[in-house]
Amino acid sequence: MVTNAANGPSVPEGRGSVAQAPRLPEGFGRTFTSRYVDIGDVPLHAVTGGDGPALLLHAGWPQTWYAWRLLMPALARDFRVVALDARGVGESGKPADGYDTGTLASDAVALMAALGHERFSMVGHDVGMWVGYALAADHPARIDRLAVAEAAIPGLSPSPPLLSSRETNDRLWHFAFNRLSGLNEELVRGREDLFFGHQFATKAAKPLPDHAVRHYVDTLAEDPAALRSSFAFYRALDTTVAQNERRRARRLELPVLAIGGGENLGEGVGATMRLAADDVETVVIPGCGHYPAEETPDEMLTALRSFLIPGGLNCTPDGLN
């Protein structure tokens, strides 16, 4: 059911809405609108637009639907695009629990059903890749194709040792930090620029625009529930890992595209997905770090174009124009 957020306006009007998000592509608001969708226990914010088969976009930590903004106008020429703020993210509700990937996948299925989409394809980045795997494993009848980018999957991927190489530690130290019970919030509150700014600065091979980083940081800093929820995905990892250990018993049958940044996980994304699926295509984007949709949007669009619809999407040759 599409409805209002609990005790809120019928149309999202906050920082993360289409009306308020900074520097969107020209004409974005003529194609896309923000809406709340009540799936029962939490109102979810989705940005929707375009025509064609349904395509769900699920961003990762610590981002919002805004991470997809550069790709959405081109994708909307061929798809009904749904860019989701998961529970705890952006304009969506921020309950105390439900941050394991089984619940997040069920949220996504309920959202798409409420919007009239019983079947859809999905693109997931980072935590969105975790959720994409859970959704494909738990709800195989609902998803046609799955594209994922730039993550390992806890409970599926091998876990590195505690005392890893400096490179591995620099990439993954936040996993242990984010799982702390409260101390991390006390350390980060008031220092969101430092903590989240470091994440973006060190994981991107091509720096994200200052206005985008500011948007993500301000979204997390303005509401204590947003900061708490951002850590909740990691605090739920014991549950997610146990779920993934059960999911491994049944291999995925749908086509999977694994996208890695050449300066970050690279071929590792495909290696991860081949632990769970047989039909896996890997694309490594040279010169890209952890954020392909923002660092190298043309290259990511090209990869999605050839995968989501055989023969390519109806985009102009240079993709985003």
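This is a predicted model: local features need pLDDT of at least 70, side-chain atom pairs count only at pLDDT 80 or more; totals for chains, interfaces and linings use all residues.
The secondary structure of the chain consists of 13 helices and eight strands. The radius of gyration is 18 Å, close to the 20 Å that the globule rule gives for 321 residues, so the chain is as compact as a globular protein of that length. The C-alpha trace spans about 50 × 45 × 35 Å along its principal axes. Of the 321 residues, 57% count as buried. Among contacts between residues at least 6 apart in sequence, 73% join residues at least 24 apart.

The largest nonpolar core contains 101 residues, and those with the most contacts inside it are Trp65, Trp68, Met72, Leu111 and Met300. Helix H4, residues 127-138, gives the most to this core, with nine residues. For Met72, when residues up to four places away in sequence are not counted, the residues touched are Phe28, Phe32, Val47, Leu57, Trp65, Val81 and Ala83.

The largest pocket has a volume of about 920 Å³. Its lining is made up of 35 residues, of which Ala152, Ser159, Pro160, Leu172 and Phe175 are the closest to the pocket centre. Helices H5 (166-178), H10 (237-247) and H11 (268-274) each supply at least two residues of this lining. The largest share, eight residues, comes from H5. By class, the lining of the largest pocket comprises 19 nonpolar, ten polar and six charged residues.

Three cavities of 30 Å³ or more were counted. The largest cavity has a volume of about 180 Å³. It is lined by 20 residues, and the closest to its centre are Gly60, Pro62, Gln63, Val89 and Phe233. Helices H8 (210-221) and H9 (224-235) each contribute at least two residues to the lining of the largest cavity. That lining includes twelve nonpolar and eight polar residues, with no charged residues.

The second largest cavity holds about 60 Å³ of space. Its lining is formed by Ala59, Gly60, Gln63, Ala67, Trp68, His125, Tyr291, Pro292, Ala293, Glu294 and Met300. Helix H12, residues 292-295, provides the largest share of this lining, three residues. Seven of the lining residues are nonpolar, three are polar and one is charged. Gly60 and Gln63 belong to the lining of the second largest cavity and are also among the residues closest to the centre of the largest cavity.

Several backbone features were noted individually. The peptide bond from Trp61 to Pro62 is cis, with omega near -5°. Pro62 lies in the loop between strand S3 (54-58) and helix H2 (72-75), and Pro62 is one of the residues closest to the centre of the largest cavity.

Positive phi values occur at Arg23 and Glu150, neither of which is a glycine. For Arg23, phi is about 50°. Arg23 is in the segment before helix H1 (28-31) and is exposed, with a relative accessible area of 65%. For Glu150, phi is near 60°. Glu150 is placed in the loop between strand S6 (143-149) and H5, the helix that supplies the largest share of the lining of the largest pocket. Glu150 has a relative accessibility of 0%, under the 20% limit, and therefore counts as buried.

Thr296 occupies the loop between H12 and helix H13 (297-308). With a relative accessible area of 2%, Thr296 is buried. Leaving aside neighbours within four places in sequence, Thr296 is in contact with Lys206, Ile285, Cys288 and Tyr291.

Key: Residues are numbered from 1 along each chain as its sequence is written. Side-chain values use heavy atoms; hydrogens and water are left out. A nonpolar core is a set of buried Ala, Val, Leu, Ile, Met, Phe, Trp, Tyr and Cys residues joined through side-chain atoms within 4.5 Å. Buried means under 20% relative accessible area, exposed over 50%, partly exposed in between (1.4 Å probe, protein chains only). Helices (H or I, at least four residues) and strands (E, at least two) are DSSP runs, numbered from the N terminus. Contact means heavy atoms within 4.5 Å. On a 1 Å grid over the protein atoms alone, a cavity is a set of points where a 1.4 Å probe fits but cannot get out, and a pocket is an open set with protein on both sides within 12 Å along at least five of seven lines; lining residues have an atom within 4 Å of a point. Grid points are joined across faces, edges and corners, and a volume is the space filled by probe spheres set on the points. Ala, Val, Leu, Ile, Met, Phe, Trp, Tyr, Cys and Pro count as nonpolar, Asp, Glu, Lys and Arg as charged, and the others, Gly among them, as polar. The radius of gyration is taken over C-alpha atoms; the globule rule is 2.2 Å times the number of residues to the power 0.38.
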